[in-house]
Amino acid sequence: MAYEEKQAWALGVIAVVGYAVYVVLVLSRMDGQPLADVPYIGAMLWTIGIGIVAGIVAGISFGIASRNDGLQADERDHEIGRFGDHIGQSFVVIGGVSAMVLAMFEAAHFWIANVLYLCFVLSAVLGSVAKIVAYRRGMQ
Amino acid sequence: MKPTRVTNSIRALRFAHGEMKQADLASAIGVTRQTLIAIEQGRYSPSLEVAFRIARVFKVSLEEVFQYPEEETT
């Protein structure tokens, strides 16, 4: 498996696991109060921070594991990377527009922050899936 | 995303050139072994530059390495 394909797997899995942990943490703090009143900032920042660190650690580990393989990325990896980023970017736009609409209707900060976080996660997952499919099934 | 319609004879050419290893050819043309495998299996259509490098390694013309089916006419 190519170094960049391993990275795509790692980033997709980290995004899903990180978000799942965040959702469990927030829901476990509900305690009968409305969801928008649940403290979420700490859990969100920690899961995002740990996700970024995990992504860096995974990249370094894959790099060390394949240090004797010579070239680690070439034109195909760059093309697939651009393709995946392009696909994932759609959710960043959807997140931005959703947050803007929520702000216009003066929704609670909880919902604005969470729609942005959810769309970042979906962007990362969709981008990773697109890259993995391109690696597995090929691209023209 | 469709795989490429371009076919190739890289595998046959490697065997005709002293059973050249995929890793050696990949290194000679400046791509990863995974990319060379994808090219051989028709899952990736390389850039013209890489295509020329492959042909140059085997000292053959581009069309001896890559083939493209004729368009069907009605």
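Helices here are DSSP runs of H or I, at least four residues long and numbered from the N terminus. With that in hand, welcome to a predicted model in which α4 of chain A gives the most to the lining of the largest pocket, with 8 residues. Below is a short tour of that pocket, of a helix pair and of an aromatic contact.

**The largest pocket**
- The space in the largest pocket comes to about 460 Å³.
- Its lining counts 21 residues, and those nearest the centre are A:Leu11, A:Ala15, A:Ile52, A:Phe120 and A:Ala124.
- Helices α1 (3-28), α2 (41-65), α3 and α4 of chain A each contribute at least two residues to this lining.
- By residue class, the lining of the largest pocket has 10 nonpolar, 9 polar and 2 charged members.

**How α3 meets α4**
- In chain A, helix α3 (residues 75-104) packs with helix α4 (residues 109-137) at an angle of about 160 degrees, and their axes are 8 Å apart.
- The crossing of α3(A) with α4(A) is right-handed.
- Residues of the contact between α3(A) and α4(A) include 20 nonpolar, 10 polar and 4 charged ones.

**Aromatic pairs**
- Over all chains, the structure holds 5 aromatic pairs.
- One of them joins A:Tyr19 and A:Tyr117 edge-to-face, at 5.2 Å centre to centre and with 70 degrees between the planes.
- Because A:Tyr19 belongs to helix α1 of chain A and A:Tyr117 to helix α4 of chain A, this pair ties together parts that are 98 residues apart in sequence.

Notes:
Residues are numbered from 1 along each chain as its sequence is written. Chains are lettered from A and ligands numbered from 1 in the order in which they are written. This is a predicted model: local features need pLDDT of at least 70, side-chain atom pairs count only at pLDDT 80 or more; totals for chains, interfaces and linings use all residues. Side-chain values use heavy atoms; hydrogens and water are left out. Axes are lines fitted to C-alpha atoms, for helices over the stretch in contact, and angles run from 0 to 180 degrees between N-to-C directions. A crossing is left-handed if the near helix is turned anticlockwise from the far one by less than a right angle, and right-handed if clockwise. Ala, Val, Leu, Ile, Met, Phe, Trp, Tyr, Cys and Pro count as nonpolar, Asp, Glu, Lys and Arg as charged, and the others, Gly among them, as polar. On a 1 Å grid over the protein atoms alone, a cavity is a set of points where a 1.4 Å probe fits but cannot get out, and a pocket is an open set with protein on both sides within 12 Å along at least five of seven lines; lining residues have an atom within 4 Å of a point. Grid points are joined across faces, edges and corners, and a volume is the space filled by probe spheres set on the points. Rings of Phe, Tyr and Trp (its six-membered ring) pair if their centres lie within 6.5 Å; planes under 30 degrees apart count as stacked, over 60 as edge-to-face and the rest as tilted.
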